[in-house]
Amino acid sequence: MLIERVGTFRTLNWVLLPTDMIRTLTCILLLAGAAPAADLFRDDFSGFPPGWLTYPVGQLNGAIQEYHYLPYRGLPLGPWANTIVHLDAWVVGDEDGESYLEQHLMGSMTSQFTNPLFITGDPEWSDYTVSAKVKPLSFADFAGIVFRYHTNRHYYLFALTGGNKARLTVRLPLEKSFRVWEWRDLAVRDFPYEAKRYYELRVENSGPLIRAFIDGKPVAEVNDSEILKGKVGITASVPARFKDFAVSASDATVQQITARIAAREQELAALRAGNPQPRLWKRFTTPGFGAGRNARFGDLDGDGVIDMLIAQNIPRVRGDAFDHISCLTAVNFDGKVLWQSGRPDPRNGLLTNDTPFQIHDLDGDGRNEVVLVRDFKLQVLEGRTGKLLKSVWMPTAPPENRERPYEMETGDSIAFANVSGNKTARDIILKDRYRNFWLVDSGLKPLWRGQGQTGHYPYPVDVDGDGRDEILIGYALWSHDGRQLWSRDKELRDHSDAIAMGNLSPDPKAPFRAYSSGSDEGFLMFDHEGNILKHVRIGHAQSPSIAKYRMDVPGLQYMTVNFWKNPGIVTLFDWDGNMLAQEEPIHSGSVLLPVNWRGDGQEFALLSGNVREGGMIDGQLRRVVMFPDDGHPDLTANVLNVTGDARDEIILCDQERVWIYTQDRPFSGKKIYAPRRNPDYNESNYRLNVSFPEWQPMDGK
């Protein structure tokens, strides 16, 4: 893999360099003028070893990158990105003494309404010429070059398609119909082609002007201003090979690009300098008993200080639906193991789903218990020791379940609600993966059962103000006594990944609304009676959060990230469902947790702990806080106030270590922002994390 400077023969072999160094050197070369006078980028793919560039992780599926950060799965990709990270689409080989990059998946593998993309460059690239040699190995669909790339749902494409056409088109970011791509064709020309040879596809950009060529001959010339700058790359929805990828621009254009990148980096540096920097507070190891994003937090030993409970699990039946908890380890933030139940094994640390365990004061005596499902039983353990206090068998698995490997339910997740009129939320919600849920009281006696398109995790909320919770689950609202008040389950065709209900508007008297990231249904907003007020098909939306991300916009904002089919696209909506911003800051999923980092009322969203692709983003989707390059883990993260000043700490973990970061400076002010969040006893990989504004005086009065 080569980046060359014409005239000085400067060559870097990217494969020999660490990924971080690669990207750093790329920036240095461009900003320092060492980039080629005519070439922005050039690659013949010879720097990659032959074989797959990515591959699956053990027993797990591509969902591992929904809630975990992995820098790559396979080989470092250098300046490239496999932006559809859950597809292992790209392989390298040699043909007639020259290297090629091949998209090798068949249409049946890419038919989840996406196409593999291999992207490089910078969002500020503009007015360039991009070219590649392309050999389609199938006529069933398209293969070509991508330019003016904004996100993996918004870019231009020049491709050979169908065995007889050349197509210049733009992918549009929003869909009108469920799982139907939106394209706007700019030019379609007859062009019969073969599967036996390469064709050079070239596109020239100059402002809105676009010229497309095949083997040096003009095919189309159009003007279009949908996107005027962006990254470049290659794509194919059928097997196809690519060689000799190149991007060039005039000297003046390179200088303009360099200046824009420098201005952007200067602005980011100023924003970051104005925020507290992450400072390591504590760290400890979790040898053998660590896990990925599968921990709960609460005071287990009764000393008034938050502890950590880590669960390992063993997948059964299939990878992410019937896990069984195999080991629980309680540890304090000094790394002292308080107790352990089960046998730890590092093989059992990762998962791609939820697990049914929580820390909560179930009986109201002021001491926390651990409530979990294990061995087909709903169990209650003493928080201080892990000793079993009581248990009951799980419900019989309904015979109509599509998947029914066991006679009894294994449990997918647990949440707590107050449907019995207690002073606190002591009733238990149990659910299976997508169809059934049960309400059980604090004595483990069944109350009622519900059925529907449950989605991943419920949201208990007192909608009518009677002191008892309604249960918002899937696209339905249930009363405290088990009556379904409204449902949109049957008309929405993909499950709700996360849902919440409340008043996000600037009017404190406004009625509640429900908000959902509905997987392939995109973003949805309902009124309190279940009527759909907004439905924006942004792709497979999940992992949302609600917080005060923009100080210049009234009310609270809703942020969500896409994963399946179009990972890494982050979209911000206002309280009324209007889109405020959309970018692709990452190429995988993220927990998108709200972070009260400053204490002044503005919150950030956490991407991950990675020093390059992670950090915290603001309401303009800019990385405004970055983590130090100090060797910390970055597999997964949690956000929690553990030092006591109302601001949040960041807990970064992998299977062997836990590092906790706080701010590098004290808070100054008469009052500090102390938002009201989802309770810690309703933790989940899938919950919609909500942060409602509240303040507290610094003098305690």
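Modeller: Before we start, one term: buried means under 20% relative accessible area, exposed means over 50%, and partly exposed lies in between, using a 1.4 Å probe and protein chains only.

Colleague: Good. With that in mind, is asparagine 313 buried or exposed?

Modeller: Asparagine 313 counts as buried because its relative accessibility is 0%. This is a predicted model, where local features need pLDDT of at least 70, side-chain atom pairs count only at pLDDT 80 or more, and totals for chains, interfaces and linings use all residues. Residues are numbered from 1 along each chain as its sequence is written, and side-chain values use heavy atoms, with hydrogens and water left out.

Colleague: Which strand holds asparagine 313?

Modeller: Strand 21, residues 307-314. Strands (E, at least two residues) and helices (H or I, at least four) are DSSP runs, numbered from the N terminus.

Colleague: And what does asparagine 313 touch?

Modeller: Not counting residues up to four places away in sequence, its contacts include Asn294, Asp323, His324, Asn348 and Thr355. Contact means heavy atoms within 4.5 Å.

Colleague: Let's step back. How many helices and strands are there in the chain?

Modeller: Three helices and 54 strands.

Colleague: Why does the radius of gyration agree with a compact globule?

Modeller: The chain has 701 residues, so a compact globule would have a radius of gyration near 27 Å, and the chain has 26 Å. That radius is taken over C-alpha atoms, and the globule rule is 2.2 Å times the number of residues to the power 0.38.

Colleague: What does the C-alpha trace span along its principal axes?

Modeller: About 80 × 55 × 50 Å.

Colleague: How much of the chain is buried?

Modeller: 60% of the 701 residues count as buried. The accessible surface comes to about 26,700 Å², and 51% of it belongs to carbon and sulfur atoms. Those areas come from the Shrake-Rupley method with a 1.4 Å probe; for residues, only the protein chains shown count as cover.

Colleague: What about contacts along the sequence?

Modeller: Take contacts between residues at least 6 apart in sequence: 58% of them join residues at least 24 apart.

Colleague: New topic: threonine 169. Where is it?

Modeller: Threonine 169 is in strand 12, residues 165-171. It is buried because its relative accessible area is 0%.

Colleague: What lies 3.1 Å from a polar atom of its side chain?

Modeller: The backbone oxygen of arginine 184. A polar contact is a pair of N or O atoms within 3.5 Å; within protein, one must be able to donate a hydrogen and the other to accept it, and residues adjacent in sequence count only if both atoms are side-chain atoms. Leaving aside neighbours within four places in sequence, threonine 169 is in contact with residues including Tyr155, Trp183 and Leu186.

Colleague: And lysine 670, buried or exposed?

Modeller: Exposed, because its relative accessible area is 80%. Lysine 670 is in the loop between strand 50 (657-663) and strand 51 (671-673).

Colleague: What does lysine 670 touch?

Modeller: Pro697 and Met698, not counting residues up to four places away in sequence. Lysine 670 and proline 697 are 27 residues apart in sequence, with 6.0 Å between their C-alpha atoms.

Colleague: Last one: leucine 378. Which strand?

Modeller: Strand 26, residues 377-382. Leucine 378 counts as buried because its relative accessibility is 1%. Beyond residues up to four places away in sequence, leucine 378 touches Val371, Ile414, Ile428 and Leu444, among others. From leucine 201 it is 61 Å away, C-alpha to C-alpha, and 177 residues away in sequence.
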